[in-house]
Amino acid sequence: MEAAHAERRLRELYVFSSHWTLGFSSCTGFPLQDEVAIAPSRGGSPYRVLKHPHADAVSAAATAEEAVALAVDLLPAGLGPAVTGTARRRW
């Protein structure tokens, strides 16, 4: 969480957790618009970077900082701060 908070582009998104995974959305309401997710390291395994919390890993990283950098690289260009509303209707 600390590594993600240190990155401005992730800090601007709506953060949520699901099954020990941090997800980042471009909107604040349900259904969310998942942009990227980071699953924690467990038992020596690498961090996993996912397109959304329940997807297969897109890539893996040895440290939280590396996982955050990979996650930021997956964000669409020009993605701004999270907006109020849902993925279906943004206010």
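Me: What share of the 91 residues in the chain is made up of buried residues, and what makes a residue buried?
Reply: Buried residues make up 35% of the 91 residues in the chain, where buried means under 20% relative accessible area, exposed means over 50%, and partly exposed lies in between, with a 1.4 Å probe and protein chains only. This is a predicted model, in which local features need pLDDT of at least 70, side-chain atom pairs count only at pLDDT 80 or more, and totals for chains, interfaces and linings use all residues. Residues are numbered from 1 along each chain as its sequence is written, and side-chain values use heavy atoms, with hydrogens and water left out.

Me: Why is Leu32 called partly exposed?
Reply: Leu32 has a relative accessible area of 23%, and therefore it counts as partly exposed.

Me: Where is Leu32 found, and which residues does Leu32 touch?
Reply: Leu32 is found in the loop between β2 (21-25) and β3 (34-39), strands being DSSP runs of E with at least two residues, numbered from the N terminus. Not counting residues up to four places away in sequence, Leu32 touches Tyr14, Phe16, Ser25, Cys27 and Ala87, a contact meaning heavy atoms within 4.5 Å. The C-alpha atoms of Leu32 and Arg88 are separated by 8.6 Å, although these residues are 56 residues apart along the chain.

Technical notes: Helices (H or I, at least four residues) and strands (E, at least two) are DSSP runs, numbered from the N terminus.
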